[in-house]
Amino acid sequence: MKQQLNEIKQAAVAALGNVSSKAELESFRIEFLGKKGRLTEILRGMGKLSAEERPVIGQMANDIRSFIESEIEALSSRLDMQLLEKKIAEEKIDVTMPGKRQPIGKKHPLTKVLDELKDIFIGMGFEIAEGPEVELDYYNFEALNIPKGHPARDTQDTFYINENVLLRTQTSPVQIRVMERQKPPIKIIAPGRVYRSDAVDATHSPLFHQIEGLVVDKGITMSDLKGTLDAFCKKLYGDKTKTRFRPHHFPFTEPSCELDISCPACNGKGCRVCKNEGWIEILGAGMVHPRVLQICNIDPQIYSGFAFGIGLERTTMRRYEIDDIRLFYENDLRFLLQF
Ligand code: DAH
């Protein structure tokens, strides 16, 4: 029996040398230590042994069993380790490989120019104000000194929700809303969407954007208007830019003017961009009409102010020499990616 046990031990050592997976290891365990395994079979025959032999053989069989068990355990953890190392090697990430580029969007040209305008005015101490696009007739016209039947309403036909509610035709109503809730000193710009029922063509759109400006304080004069807007033009179009103020009419300012700049393309000599005039109109402005101040409960004997309105599309078109306003709204990437 001793010999049999020694043979089993040798066979086990030899068989272990061929085990290379967990599954093979389990078959090995069953072959030697399982219920019908080779070692178990021997132990079952112990009953036939003499009383002296039994403990000796028993001791030997137990030693072999624990020898095989510890061999199984050692090999099992070696196999686990190999498996883990293989997995780690397979899943290795090369952090030096180039990443997958995510296409990120760009700012719309109108947003880019608006951001520039905001920066310039914020740099001069202006704050940003907002008002609703669905506006009351009162704010869009009435309080701006444009009563019902006034001819100025003809050029600003719009979309009416009902008789008193409309889509604003200009950002000027924000002037009224700000003056109603804030006492001077006031120094704001109000950018936003405006609407008019115009037919679409290369220079017209029923939806466009304006930037309104308003300054109200004691002792504000036309020279403040000219100085501020001249500084603005030089910041936006370059230090060499000349400005020209032409008399004009707006119902809510008195006196009113339009502001031209020397053509940035030809320095005022005359070219295709300025249609040979040397000058380009860029905004409307004026001293806030005393009646408008009064409507907002601001005493025109004490306070005065100036206002201006800039068209964002026209400013952007000039800036990038874009010749068709429709390009802004069509979302064609071939156009948008150029900015
Ligand atoms: N709201 C005018 C328009 O849409 C533009 C304008 C002109 C605004 C003169 C002003 C201003 O604030 O003073 O035609």
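Tutor: The following account considers the charged side chains, beginning with the salt bridges. The model is a predicted one, and a search of the whole of it finds 19 salt bridges.

Two of these pairs join strand 6 and strand 7. In one, arginine 244 meets aspartate 260, with their closest N and O atoms 2.9 Å apart. Because arginine 244 belongs to strand 6 (residues 243-248) and aspartate 260 to strand 7 (residues 253-262), this pair ties together parts that are 16 residues apart in sequence. Arginine 244 is partly exposed, at 30% relative accessible area, whereas aspartate 260 is buried, at 2%. The other pair consists of glutamate 258 and arginine 246, in a salt bridge of 3.2 Å, N to O. Here glutamate 258 lies in strand 7 and arginine 246 in strand 6, 12 residues apart. Glutamate 258 has a relative accessible area of 12% and is therefore buried; arginine 246, with 25%, is partly exposed.

A further salt bridge, of 3.4 Å from N to O, connects glutamate 142 with arginine 153. Both residues are found in the loop between helix 6 and strand 3, so the contact ties together parts 11 residues apart in sequence. Glutamate 142 is partly exposed at 31% relative accessibility, while arginine 153 is buried at 12%.

Finally, Asp154, Asp157, Asp198 and Asp201 form a negative surface patch. Of these, aspartate 157 is located in the loop between helix 6 (137-140) and strand 3 (165-167), and its relative accessibility of 42% makes it partly exposed.

Key. Residues numbered from 1 in each chain as written. Predicted model: local features only at pLDDT ≥ 70, side-chain atom pairs only at ≥ 80, totals over all residues. Heavy atoms only, no water. Patch = residues over 30% accessible without salt bridge, like charges linked within 9 Å, V, L, I, M, F, W, Y side chains within 5 Å. Areas by Shrake-Rupley, 256 points an atom, 1.4 Å probe, with all protein chains shown as cover. Salt bridge = Lys/Arg side-chain N within 4 Å of Asp/Glu carboxyl O. Lys, Arg positive; Asp, Glu negative; His and termini not counted. Charge placed at Lys NZ, Arg CZ, Asp CG, Glu CD. Helix = DSSP H or I, 4+ residues; strand = E, 2+ residues; numbered from the N terminus. Buried < 20%, exposed > 50% of the residue type's maximum accessible area, 1.4 Å probe, protein only.
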